[in-house]
Amino acid sequence: MNSSDVNFSLLQSQPNIPPEFFWPENDLTPSEGDLNLPIIDMSGFLNGDEAETQRAAKAVREACMTHGTFLVINHGFKSGMGEKNLDISSLFFGLPKDEKLKAYRTPERPALVSSNNLSKCE
């Protein structure tokens, strides 16, 4: 999908979007085409292949230096895990401040993480 395939002007008619969220028309710069995002395959790293791990590390460095971003594939995360993490973090950040402060950690009070704690997130 190209940006020309989407009619962004429809957003301006939405009643709940504040006008300051729209970039001024005279400041817009036309796109010069699609962003060719580097794709980094992590399957070799997950399989313990040293040469593939080095190749992926080099590709990440190059992508960061040239594009500033990249897309990771074959990373081993299950589908839906990102959404589940957002849901769980929303539960925490929705707590009252005094409850959230119980999770505050210092060198004297390090975080306590175990496989039992992690299994509750699954």
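Modeller: Happy to. Let's begin with burial: buried residues make up 5% of the 122 residues in the protein. Keep in mind that this is a predicted model.

Biologist: How much accessible surface does the protein have, and what share of it belongs to carbon and sulfur atoms?

Modeller: The accessible surface comes to about 10900 Å², and carbon and sulfur atoms hold 58% of that.

Biologist: Let's go to the surface. Which residues form a nonpolar patch there?

Modeller: Look for Leu-35, Leu-37, Ile-39, Leu-71 and Ile-73; together they have about 440 Å² of accessible area. Ile-73 sits in strand β2, which covers residues 71-73.

Biologist: Now charges. What should I look for in general, and how many salt bridges does a search of the whole structure find?

Modeller: The general idea is that side chains of opposite charge can pair when their charged atoms come close. Here the search of the whole structure turns up two salt bridges.

Biologist: Where does the one with Arg-55 sit?

Modeller: Arg-55 pairs with Glu-52, and their closest N and O atoms are 2.8 Å apart. Both residues belong to helix α2 (residues 50-66), three residues apart, or about one turn of the helix. Glu-52 is partly exposed, at a relative accessible area of 30%.

Biologist: Which residue does Glu-99 form a salt bridge with?

Modeller: With Lys-102, the closest N and O atoms being 2.9 Å apart. Glu-99 is also partly exposed, with a relative accessible area of 34%.

Biologist: Last one: how do I read the confidence, and where does pLDDT stay under 50?

Modeller: Take the average, then look along the chain. The protein averages a pLDDT of 79, and 76% of the residues score at least 70. Over residues 114-122 pLDDT stays under 50, and the model has five contacts beyond four places in sequence for that stretch.

Note on methods
Residues are numbered from 1 along each chain as its sequence is written. This is a predicted model: local features need pLDDT of at least 70, side-chain atom pairs count only at pLDDT 80 or more; totals for chains, interfaces and linings use all residues. Side-chain values use heavy atoms; hydrogens and water are left out. Buried means under 20% relative accessible area, exposed over 50%, partly exposed in between (1.4 Å probe, protein chains only). Accessible areas come from the Shrake-Rupley method with a 1.4 Å probe; for residues, only the protein chains shown count as cover. Patches are made of residues with over 30% relative accessible area and no salt bridge: like charges are joined within 9 Å, nonpolar side chains (Val, Leu, Ile, Met, Phe, Trp, Tyr) within 5 Å. A salt bridge is a side-chain nitrogen of Lys or Arg within 4 Å of a carboxyl oxygen of Asp or Glu. Helices (H or I, at least four residues) and strands (E, at least two) are DSSP runs, numbered from the N terminus. pLDDT is the predictor's confidence in each residue, from 0 to 100. Contact means heavy atoms within 4.5 Å.
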